[in-house]
Amino acid sequence: MSPEGSGAYGGFPHVRPRRLRTTAAMRRMVAETRVHPADLILPAFVREGIDEPVPVGSMPGVVQHSRDSLRRAAVEAVEAGVSGLMLFGVPLEKDAVGSQGTHPDGILQQALRDVRSEVGDDLVLMSDLCLDEFTDHGHCGVLDARGRVDNDATLERYAEMALVQADAGAHMLGPSGMMDGQVGYVRAALDAAGHQDVSMFAYTVKYTSAFYGPFREAVASSLSGDRTTYQQDPANGREALRELALDVAEGADMVMVKPGLPYLDVLRDVAEEARVPVGVYQISGEYAMVEAAAEKGWIDRERAILETLTSFKRAGASTILTYWAVEAARLLRAAG
Ligand code: PBG
């Protein structure tokens, strides 16, 4: 037997990394990554014309809020220590240009005013800056005569949306439509209207993903077809860095990678390159996947949730949008 170890062959193990895993206190001491409630942002849906929240079937635990239940959810989020709320509106009326997205009394604008008056500056109030919740064809922009998404005509609609959202009290806008030039165009419109302090959390890297499925139910999307002409191809990593350079040059205050779990490599690349804070969006299908497996008893739900959040921070995100934000914040606080 060799002096270094007990093994019969070559004296292995020579080194024992397991020493740092022996007790919970030891593991806690050497943990490199910690998730904090302040890292978390809650995405929430508010639907026009309902008095009681309506459950989203494919996202157990998530609802379409009424205006009242959204106010309560915002207070809960603040109490749990969550940093922000990202609002999505579900209007009664949809049309080709998404008129409700720019109406000063559209559901999203009303909800922004409600939440801002309820919680003030205690959380960062964000709104989705995209047309797909408001258009009857379900695309993120307006269509040209041949039915294609018209990039530059859409920018004008985004600028109008940005102004009504900023007027309604949003602190931060989330342009998520993947139109070229959207960040710069909206930034210029905000500045021209005196909204210099309204910031932008750009959906910089956004892939065409099968994992958006449950979200489409949550916003009652009528999309037929797909978003392959504007969202990124899952096969590509390089263009993520191109989109990053463009969005930062155009004035993005923060940048986002979306979805999360299937794109941790991209998140790492973006986090290494970016000189602005980097967020990640753990999307509806990622949520549904864990909830469904947990419901079947196939995985430990809480451990799985915290493990996914930890993976995002380890990959370089400082901010995480997750439908579990409030519950996770409570779990993290309870764990100390
Ligand atoms: C576009 C938008 C989408 C999501 C957030 N913003 C839908 C899409 O791009 O198809 C998806 C979020 C999720 O799946 O949780 N407004």
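## Packing of α7 against α8

In this predicted model, helix α7, which covers residues 238-250, and helix α8, which covers residues 264-273, have axes that come within 10 Å and cross at roughly 35°. The crossing in which α7 passes α8 is right-handed. On the α7 side the contact is made by Ala240, Leu241 and Leu244, while α8 contributes Val266, Asp269, Val270 and Glu273. Sorted by class, the residues in this contact of α7 with α8 are five nonpolar and two charged, with no polar residue among them.

The stretch that leads from β8 (254-258) to α8 is a loop, and Pro259 lies in it. The peptide bond that joins Lys258 to Pro259 is cis, with omega near -10°.

## Overall form

The secondary structure of the protein comes to eleven helices and ten strands. Its radius of gyration is 22 Å, close to the 20 Å that the globule rule gives for 336 residues, so the protein is as compact as a globular protein of that length. Along the principal axes, the C-alpha trace spans about 80 × 40 × 40 Å.

Of the 336 residues in the protein, 46% are buried. When contacts between residues at least 6 apart in sequence are considered, 74% of them join residues at least 24 apart.

## Surroundings of the ligand

Which residues surround the ligand? The shell is formed by Asp128, Cys130, Asp132, Cys140, Ser176, Tyr212, Phe215, Arg227, Ile283 and Ser284. Divided by class, the residues of this shell are five nonpolar, two polar and three charged.

Arg227, one of the residues around the ligand, has its place in the loop between α6 (213-218) and α7. Is Arg227 buried or exposed? Arg227 counts as buried because it has 21 C-beta neighbours inside 10 Å, where the cut-off for a buried residue is 20 or more. Apart from residues up to four places away in sequence, Arg227 touches Cys140 and Thr208, and Cys140 is itself listed among the residues that surround the ligand. Ser209 lies 18 residues from Arg227 in sequence, and the two are 9.0 Å apart in space, C-alpha to C-alpha.

Gly285 is buried, because 20 other C-beta atoms lie within 10 Å. Leaving aside neighbours within four places in sequence, Gly285 is in contact with Ala210, Phe211, Tyr212, Gly213 and Pro214. Although Gly285 and Phe211 are 74 residues apart in sequence, their C-alpha atoms are 4.1 Å apart in space.

## Gln165 in helix α4

Gln165 is found in helix α4, which covers residues 151-167. With 30 other C-beta atoms within 10 Å, Gln165 is buried. Not counting residues up to four places away in sequence, Gln165 touches Gln109, Leu112, Ser127, Leu129, Ala170 and Leu173.

## Backbone exceptions

Most residues other than glycine have a negative phi, and most peptide bonds are trans. Met178, which is not a glycine, has a positive phi of about 60°; Met178 lies in the loop between β6 (172-175) and α5 (182-192). Met178 counts as buried because it has 23 C-beta neighbours inside 10 Å.

Ala220, likewise a residue other than glycine, has a positive phi near 50°, and its place is in the loop between α6 and α7, where Arg227 is also found. Ala220 is partly exposed, with 17 other C-beta atoms within 10 Å. A cis peptide bond also occurs from Phe12 to Pro13, with omega near 0°, and Pro13 lies in the segment before α1 (24-30).

Notes. Residues are numbered from 1 along each chain as its sequence is written. This is a predicted model: local features need pLDDT of at least 70, side-chain atom pairs count only at pLDDT 80 or more; totals for chains, interfaces and linings use all residues. Axes are lines fitted to C-alpha atoms, for helices over the stretch in contact, and angles run from 0 to 180 degrees between N-to-C directions. Helices (H or I, at least four residues) and strands (E, at least two) are DSSP runs, numbered from the N terminus. A crossing is left-handed if the near helix is turned anticlockwise from the far one by less than a right angle, and right-handed if clockwise. Two residues are in contact if their C-beta atoms, placed from the backbone, lie within 7 Å. Ala, Val, Leu, Ile, Met, Phe, Trp, Tyr, Cys and Pro count as nonpolar, Asp, Glu, Lys and Arg as charged, and the others, Gly among them, as polar. A residue is near a molecule or strand if its C-beta atom, placed from the backbone, lies within 6 Å of it. The radius of gyration is taken over C-alpha atoms; the globule rule is 2.2 Å times the number of residues to the power 0.38. A residue is buried if 20 or more other C-beta atoms lie within 10 Å of its own, exposed if 12 or fewer, and partly exposed in between; C-beta atoms are placed from the backbone.
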